[in-house]
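Me: I would like to learn how to read a structure one feature at a time. Can we start from a single residue and work outwards?

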Amino acid sequence: VVRSTLDQRMQTAVEHLIREVTLSSNDGANAAAVVADAETGEVLAYIGSGGFDTDGGWLDLAQAKRSPGSTLKPFIYALAFDDGHLSPTSVLDDRLKSFDDYLPENFDRRYHGHVRVSDALRHSLNVPAVEVLSEVGASRLGTQLRFAGTNLAGPTSRRFDRPGLPMALGGVGVSLFDL
């Protein structure tokens with residue numbers, strides 16, 4: 001008897017979706033997906049690539065350590081919410097700001113002045129996220145992620161024990177499965 005949390009209909013649907021995306025890509029892109037139940041954490045569908053006949057199809061991209069980009073921002077704000085320092089309606093300052101020797105910029109290189117946390121997150125603004133991370137602590141975020149079972153990797157794909165502020169903008173490696 002083999003027990004699995006995979007949902008056959010979900011697995012098949014997501015396999016078709018990933019296959020469609022990779023086949024329609026003109027640049028040889030590949031894709032992966034992990035679908036989990038939000039309440040239990042059980043994996044309902046797991047697709048590591050678009051298939052063996054796609055570029056890199058033999059790789060399990062769901063386990064590959066990659067930059068998470070902005071996907072850690074909700075966790076940063078959640079720590080500040082837990083501390084009672086911020087709420088979704090709190091106002092942050094989105095302007096060019098230096099954090100010692102680190103000078104983050106927004107993707108569009110524009111700044112929006114005073115913004116609510118909910119808008120900073122919705123628009124994925126970088127400077128407010130780095131500012132909040134500087135307050136809650138990059139080490140604390142790293143510890144919380146590791147405690148949740150996430151294996152962080154540093155610049156050389158080795159275990160990463162000393163996260164810094166660039167972590168807010170993807171400056172750490174993490175797999176899709178761990179996320």
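Reply: Start with Gly113. Gly113 sits in strand β4, residues 113–116. Strands here are DSSP runs of E, at least two residues, and helices are runs of H or I, at least four, both numbered from the N terminus. Two ground rules come with the files. This is a predicted model, where local features need pLDDT of at least 70, side-chain atom pairs count only at pLDDT 80 or more, and totals for chains, interfaces and linings use all residues. Residues are numbered from 1 along each chain as its sequence is written, and side-chain values use heavy atoms, with hydrogens and water left out.

Me: What does Gly113 touch, leaving out residues up to four places away in sequence?

Reply: Contact means heavy atoms within 4.5 Å. On that basis Gly113 touches Leu92, Asp93 and Asp94. Gly113 and Ala45 are 68 residues apart along the chain, and their C-alpha atoms are separated by 41 Å.

Me: Where is Thr22, and which residues does Thr22 touch beyond four places in sequence?

Reply: Thr22 is in helix α1, residues 8–24. Thr22 counts as buried because its relative accessibility is 6%. Beyond four places in sequence, Thr22 touches Ala29, Asn30, Ala31, Gly50 and Thr54.

Me: How do I read a whole helix? Which residues of α2 are buried?

Reply: List the buried positions, then look down the axis. In α2, residues 73–83, the buried ones are Lys73, Ile76, Tyr77, Leu79 and Ala80. They fall within an arc of 150° seen down the axis, so they line one face of the helix. The arc is taken from the directions that run from the helix axis to the C-beta atoms.

Me: What do the buried residues of α2 pack against?

Reply: Their partners are β3 (91–94), α3 (117–122), α4 (126–136) and α5 (138–147). Just after α2, Gly84 takes a positive phi of about 80°.

Me: Which residues of α5 are buried?

Reply: They are Ala138, Leu141, Gly142 and Leu145. These residues cover an arc of only 100° around the axis, which puts them on the same side of α5. Their cover includes α2 and α4. Just after α5, Gly149 has a positive phi of about 100°.

Me: Which residues touch the most other members of the largest nonpolar core?

Reply: First the general idea. In soluble globular proteins, nonpolar side chains tend to be buried together. A nonpolar core is a set of buried Ala, Val, Leu, Ile, Met, Phe, Trp, Tyr and Cys residues joined through side-chain atoms within 4.5 Å. The largest one has 27 residues, and Tyr77, Leu86, Val132, Leu133, Leu141 and Met167 touch the most other members. Two or more residues come from each of α2, α3, α4 and α5. The largest share, five residues, is from α4.

Me: What is Val132 in contact with, beyond its neighbours within four places in sequence?

Reply: Val132 contacts Ile76, Tyr77, Ala80, Leu86 and Leu92. A second, separate core has six residues, including Val14, Ile18, Ala33 and Ala45.

Me: How should I read a positive phi? Where is Arg109?

Reply: Most residues other than glycine have a negative phi. Arg109 lies in the loop between β3 and β4. Its relative accessible area is 59%, so Arg109 is exposed. Ser124 also has a positive phi, about 50°, and is not a glycine. Ser124 is in the loop between α3 and α4. With a relative accessible area of 28%, Ser124 is partly exposed.

Me: How many helices and strands does the chain have?

Reply: Five helices and four strands. Along the sequence the pattern is α-β-β-α-β-β-α-α-α. The C-alpha atoms fill a box of roughly 50 × 40 × 35 Å along the principal axes. Of the 179 residues, 37% are buried. Among contacts with a separation of 6 or more, 62% join residues 24 or more positions apart.

Key. Buried < 20%, exposed > 50% of the residue type's maximum accessible area, 1.4 Å probe, protein only.
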